[in-house]
Amino acid sequence: MTTFCEVTGRRPTFGKAVSHSHRRTNRRFDPNLQRKRFWVPSENRFVRLTVSVRGIKTIDAQGIEAVWARIKRERSATGGRV
């Protein structure tokens, strides 16, 4: 599974975990990723995307057609699977 949102591009960030005694150890802040199926009416099929919750809200606001067109453009530019 990918560790980044395919809509917003959010990736894990890194920082420090601070204990009660203020010892600092490395930690990783992961985005809230969900693997979700969306119906794309123009292609008459489902597409499965790894999206953050903010990405789901973006799809709700802009529509799956517009977001899917942008994702397809980006995937074809990098040689990924569409």
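Buried means under 20% relative accessible area, exposed means over 50%, and partly exposed lies in between, with a 1.4 Å probe and protein chains only. Helices (H or I, at least four residues) and strands (E, at least two) are DSSP runs, numbered from the N terminus. The model shown in these views is predicted: local features need pLDDT of at least 70, side-chain atom pairs count only at pLDDT 80 or more, and totals for chains, interfaces and linings use all residues. Residues are numbered from 1 along each chain as its sequence is written, and side-chain values use heavy atoms, with hydrogens and water left out.

**View 1**
Gly63 follows helix 1 and has a positive phi, near 95 degrees.

**View 1. Helix 2 and what covers it.**
The buried residues of helix 2 are Ile64, Val67, Trp68, Ile71 and Arg75. Seen down the helix axis, they fall within an arc of 95 degrees, so they line one face of helix 2. An α-helix has 3.6 residues a turn, so residues three or four places apart point the same way. The face turned away from the buried side carries the exposed residues Arg73 and Ala77. Strand 3 (33-40), strand 4 (45-52) and helix 1 (53-62) are among the elements that cover the buried residues of helix 2.

**View 2. The length and the end of helix 2.**
Helix 2 has 15 residues (residues 64-78) and should span 21 Å at 1.5 Å a residue; its end C-alpha atoms are 21 Å apart, which agrees. The expected span is 1.5 Å times one less than the number of residues. Just after helix 2, Gly79 takes a positive phi of about 80 degrees.

**View 3. The largest nonpolar core.**
A nonpolar core is a set of buried Ala, Val, Leu, Ile, Met, Phe, Trp, Tyr and Cys residues joined through side-chain atoms within 4.5 Å. The largest one has 14 residues, and Val7, Phe38, Leu49, Val51 and Ile59 have the most contacts inside it. Strand 3, strand 4, helix 1 and helix 2 each supply at least two residues of this core. Helix 2 gives the largest share, 4 residues. Leaving out residues up to four places away in sequence, Val51 touches several residues, including Cys5, Val7, Phe38, Ile56 and Ile59.

Thr50 is found in strand 4 and is buried, with a relative accessible area of 2%. Ser52 is also in strand 4 and counts as buried at 3% relative accessibility. Apart from neighbours within four places in sequence, Ser52 is in contact with Cys5, Thr8, Asn32 and Leu33.

**View 4. The aromatic pair.**
The structure holds 1 aromatic pair. Trp39 and Phe46 form this edge-to-face pair, 5.0 Å centre to centre with 70 degrees between the planes. Rings of Phe, Tyr and Trp (its six-membered ring) pair if their centres lie within 6.5 Å; planes under 30 degrees apart count as stacked, over 60 as edge-to-face and the rest as tilted. Trp39 is partly exposed at 39% relative accessible area, and Phe46 is partly exposed at 41%.

Notes
The arc is that of the directions from the helix axis to the C-beta atoms. Contact means heavy atoms within 4.5 Å.
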